[in-house]
Every structure is written in structure tokens, then in C-alpha cells.
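Please keep the sequence and the structure in view while reading.

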Amino acid sequence: MDLIADRGRRVAIEELNTTRLLAHARKQAQQRKLDDILIVDVDAHHYENECLDEFLPFMENDVLRQLTVGGRAKGRGSVIPTTAVGFQEMGGRITRYPMRSSEKTAPGKLRDVELGHRWMDALSVDYSCLFPTLMLAVGLHPDPEMEVQLCWAYNRWLTEKALPEGGGRFYSMLTLPLSDPDAALRQIETFGSRKYVTGFMITCVRSLAVHHNVHMKIYRALEERGLALAFHSAINPGEPVFKNLNRFASVHALGFPFYNILHMTNWVTNGLGERFPKLPVIWIEGGLAWVPFLMQRLDHEYMLRSSEYPLLKKKPSDYMRAMYYASQPLEADNMSALACTFEMINILGGNAARLFKLPPRSEQQRANLERFGAVAA
């Protein structure tokens, strides 16, 4: 049986293999000597919908676990709300998505780990930060208790099953059920000290005010433990402001920066950078072009109405410059603009290695990291 791609190329199901699909990428990595550079993917999405049967039994609430597992057995309902409306798979032209379940892995090894190592090796990625994909929309779940239960189950499975089998190359910033601050704090206390856990992540697609006082104990707990806090954005075609957009590409272009801008504005203007100065804050998958824009807008408002920023001791852009930004996806169509963005953000090499204390995997990597003072102890 063949999968017919849109451009006429036939891909046999039995041939579908990540290593083969990325063979050209591997050649480019070798040509560019990427193995000599420590590369960290802080945005390694995991298709948790393919292993629901493995982690749903970890749900603590007996009733919700029975309803969820029983509903899946009968093919009823969706466990996790989805924001994926549109034509993201390009009418089948992205063959990886519909066919990935057919890829064969060796028996006795966790499938997700083996597949992860395949693409990491092909792309010269040394370390990957695992977190879910569909659960980026968990903040939209109509039942806050389900958000708590799903995060708990996934975090248990990830820390007890997946990460320990990763050979030291996988770590995670675990998902926080922010709708329930007490439950979020419990998960930090339970999972925060586990091996390969470097922080926690807030799924940005939600309307909660991250600066509300009920969340302060969460940020304090992270800061006291030396853990990072990440914000990961996504899209939501159901957001009222996006309902007039008639293309997936339009929602994708605006949606990812939108939620980062929303939460960053509340974080900075309400002085959380002053209240938690030792808490590393990371912004993921919103691109970078929005950062200089927001720096300038917030600085402008601050200079006009500084009385509305009573906790700030410096300009908003100074607090933003002290944060971390995932460099994916880079808006690289204008290299001069991108260079200006790097300068405004103060992006330096070795940030991920330094922040997450990841050791180099070769002497050449160590030498390159030493140039940036980023060699882990």
C-alpha cells in the first residue's frame, strides 16, 4: 500500500521511517558540523494522543478516570479539547502526520523514546524538552478538574516512564493546571524534584490573568526550587478576535504571538519581574518578531503613565530582556530585522545549556560552550 503525496511521489507505508525521511537533513548536519555544537530543542512536542491509554490510568479521580477510559473504549467524546481547526496538514501533503503511527520500532523499548532519538540524531539535536501537543489547549477544558487530572496523569507517566528511558537526553517542563492554583502547587511539590524535570509550563491558550494573587504561591514555589517557568503559546480559532479570519495561516500568524503578548504584558506591567527576580521565565513558539514590538509599546506607555506601573524600577523592556525566548520559529525573511531583534533581546549562545545545566556531549562542544561561559558544572 502506498501513500500518494500531492507532488506525485509515492511513499510506501513499510518504508516510513524517521531516519530515512530525514536523510537529507542528516547530510546537511554533517556538512555544517552541527555535531560540534550543543543543540537543545526546548520545544519538542510529544504526540500524547498516541499514548492516551498509557497515561490515562494515572488519573487520580476514580470517577473521571472511569468516565474517560470508558468513553474512549466506546469511541465517544474527546478527552482533550482541540484548537486545531483548519487545514494544517495541507490536504495530505505533510505525509508525516497521518502515517507516523505505521512507523515500526523495536520491541521492549518505549516507542516515543526510540522515535525521539531517531529525529534527534538526524538533526544533531543533543537534548530535547518534551511536553504535549494537544494538551496545549487543556486550559480551554470546560471542567477545571479534568485539567488537573489530565496534567497529573501525563506528568506522572512522563516522569516515571518516558524520561527515565531517554538515556539522559530528554527532560521536561511539566504542564501546570493553572485553573486550580492549589492543584498546581501540589504538582510542583510532587514532581518538581524528580530527575529530568527542569521547570513547569503554562499553556498560554487560556483567559486566566497570570498576575492574579492566587498564582503567586506557584511562582514562589518555582523560584525557591530553582525551576524555570515557561509559557507555550498555540492557536485558538474560537477566540472572538480571530473569528473574522478565514485562513488557517492567518490564525497561525497572529495566534501564537497573541497569547504571548497578552500574558507577557500582564506579567511585566504588574511587576512580577520585581516580585520574582530569580525565576527564569521562557516564552516558547511565538516567534521573535513580536518581542521588539512589545518592548517599544510598553516602554512608550510606561514613559507616559509611569504611575500605572508602581512596582517597576526600570523600563518594561529591561524586564523582557532578562527573559528567555525559544528561537523557533525565526522570522528570517529579513535578516537585518532579525539581527536587530537579536540585539534588542540580547540572545546569546549557550542559553539553554546554561539555564538547564546540560553537559556537553563532546570535547568540541565543551570548547564551543566555554566561549559563552555556558559549560554546566
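**Strand pairing and sheet**

In this predicted model, residue C129 has Y171, a residue of β5, as its bridge partner. The pairing of β4, which covers residues 127-132, with β5, which covers residues 170-175, runs in the parallel sense and involves three bridges.

- An open sheet is built from seven strands, arranged in the order β3-β4-β5-β6-β7-β8-β9, and its pairing is parallel.
- The edges of this sheet are formed by β3 (40-46) and β9 (324-325), each of which pairs on one side only.

**The chain as a whole**

- The secondary structure of the protein chain consists of 16 helices and nine strands.
- The protein chain has 377 residues, of which 47% count as buried.
- The accessible surface of the chain is about 19000 Å², and carbon and sulfur atoms account for 52% of that surface.
- Among the contacts in the chain with a separation of 6 or more, 74% are between residues 24 or more positions apart.

**Nonpolar core**

- The largest nonpolar core contains 101 residues, and those with the most contacts inside it are F55, Y219, W267, Y325 and F356.
- Helix α7, spanning residues 144-162, supplies the largest share of this core, with nine residues.
- When its neighbours within four places in sequence are left aside, F356 is in contact with V42, Y171, M173, T198, A228 and I282; one of these, Y171, is also the bridge partner of C129.

Terms used: Residues numbered from 1 in each chain as written. Predicted model: local features only at pLDDT ≥ 70, side-chain atom pairs only at ≥ 80, totals over all residues. Heavy atoms only, no water. Pairing = 2+ DSSP bridges. Helix = DSSP H or I, 4+ residues; strand = E, 2+ residues; numbered from the N terminus. Buried < 20%, exposed > 50% of the residue type's maximum accessible area, 1.4 Å probe, protein only. Contact = heavy atoms within 4.5 Å. Areas by Shrake-Rupley, 256 points an atom, 1.4 Å probe, with all protein chains shown as cover. Core = buried A, V, L, I, M, F, W, Y, C linked by side-chain atoms within 4.5 Å.
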